[in-house]
Amino acid sequence: MSFEKDRNDAEASVTEKFRASVTKFTFSTPSPVSTPCRPLVDPSVTTVHSSELPTLRRSSRVAAAVTPRKLEIKCDVDVLSSTLLRKGKRKAPGAGLSKNAAKKFKRGYAPPEAYAHLSPLTDYLAYGLDVVFCGINPGRMSAQRGHHFAHPSNHFWKCLHRSGFTSRLLPASEDSSLPETFNIGLTDLVDRPSTEASELSSSERASSVPILLSKLALHRPRFLCLVGISNWEILEKALLQMSTGSSKASKPSKASRASAKNVGLQPFKLCYSVIANSLSDTSANISETLVFVVPSTSGLVTQYQLPAKVKFFAQLKSLVDQPPSELDTSEMKCIAVPHDP
């Protein structure tokens with residue numbers, strides 16, 4: 001019994017001490033003129049020692065996270081705001097695209113009937129010309145106007161003049177004068193017109209090679225200049241097939257890749273047999289045609305600018321100006337081209 005009494009007395013003593021500490025905190029009723037929601041504190045109790053305050057237990061983890069949490073919330077708000085601002089900005093069309101992606105896509109294959117209303121161009125050829133320039137196929141504007149390389153953005157006629165092949169800048173309308181006046185010929189690998197060369201099929205190009213070789217065997221120019229690297233790739237594949245006698249062309253050897261990017265003088269030559277009873281007095285002297293490649297002169301080709309294109313034309317002109325006896329072609333691969341009378 002004495003034990004319970006002592007415990008009760010101890011609890012009562014603690015309770016009285018707590019009540020005594022609470023009575024020290026008094027608050028006055030707010031006056032009508034005071035600032036709303038601002039309690040008035042009794043001046044007599046404004047200073048209170050911390051030891052006199054009741055101990056309120058609070059998780060140390062929560063207390064330590066109060067300030068960092070505020071910073072974290074502020075940081076999250078800033079991030080969200082910047083994200084919304086970025087999403088709200090409208091980019092200009094094509095601003096986020098690479099240069100390659102922004103370029104115009106190439107056209108796909110177009111059947112012959114798509115351009116049936118356009119007529120092929122006339123070949124301007126003669127026997128024993130210095131050079132025959134061979135395009136891929138007539139463009140739509142060239143077919144409409146009836147002249148080779150007639151599009152205003154095409155660099156062919158500028159290259160021809162600036163490299164020294166012609167004494168003046170010729171318009172496309174004078175293409176027929178090239179064989180007689182400048183000893184230059186014009187033809188195309190594929191005769192049907194299209195807006196872009198990509199509208200031709202690979203089989204269509206390949207099937208046109210024998211026709212081109214027949215024209216060359218008949219007229220025997222000193223040089224064949226293929227205008228367009230893709231033109232040479234088709235002819236090269238056919239020449240390799242002819243040299244190996246296989247329907248499947250093997251991969252080009254190092255010797256067949258003489259120049260960088262397949263431009264310039266190539267390591268092949270077209271060889272002809274002597275024409276019996278020919279009306280031409282010089283037929284026996286023209287027994288081979290050398291192959292030269294220049295980039296496409298189309299204005300759409302930006303890999304080679306006009307000065308670079310002119311440079312390749314000038315290289316060809318320097319070869320043409322050399323006497324045939326001074327050109328060593330012994331290391332070139334001879335491709336026998338039959339002559340169809």
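User: How do the residues lining the largest cavity divide by type?

Analyst: Five are nonpolar, two polar and one charged. Here Ala, Val, Leu, Ile, Met, Phe, Trp, Tyr, Cys and Pro count as nonpolar, Asp, Glu, Lys and Arg as charged, and the others, Gly among them, as polar. This is a predicted model: local features need pLDDT of at least 70, side-chain atom pairs pLDDT 80 or more, while totals for chains, interfaces and linings use all residues. Residues are numbered from 1 along each chain as its sequence is written, and side-chain values use heavy atoms, without hydrogens or water.

User: What counts as a cavity?

Analyst: On a 1 Å grid over the protein atoms alone, a cavity is a set of points where a 1.4 Å probe fits but cannot get out. Lining residues have an atom within 4 Å of a point.

User: Which residues line the largest cavity?

Analyst: L125, V132, T187, L212, K215, L216, H219 and P221. The largest share, four residues, comes from α8. The largest cavity has a volume of about 30 Å³. A volume is the space filled by probe spheres set on the points, which are joined across faces, edges and corners.

User: Where is α8, and what span should it have?

Analyst: Helix α8 covers residues 202–219. Helices are DSSP runs of H or I, at least four residues, and strands are runs of E, at least two, numbered from the N terminus. At 1.5 Å a residue, its 18 residues should span 26 Å, and the end C-alpha atoms are 26 Å apart, which agrees. The expected span is 1.5 Å times one less than the number of residues.

User: Where does α8 bend?

Analyst: At V209, by about 30°. A proline, P210, follows within four residues. The bend is the angle between axes fitted to the seven residues ending there and the seven starting there.

User: Which α8 residues are buried?

Analyst: E204, R205, S208, V209, L212, L213, L216, A217 and H219. Buried means under 20% relative accessible area, exposed over 50%, partly exposed in between (1.4 Å probe, protein chains only). These residues pack against β3, β4, β5, α9 and β6, with contact meaning heavy atoms within 4.5 Å.

User: New topic. How many residues line the largest pocket?

Analyst: It is lined by 41 residues, with A197, S296, S298, L300 and V301 nearest its centre. α5 gives the most, four residues. A pocket is an open set with protein on both sides within 12 Å along at least five of seven lines.

User: And E331, buried or exposed?

Analyst: E331 is exposed, with a relative accessible area of 74%.
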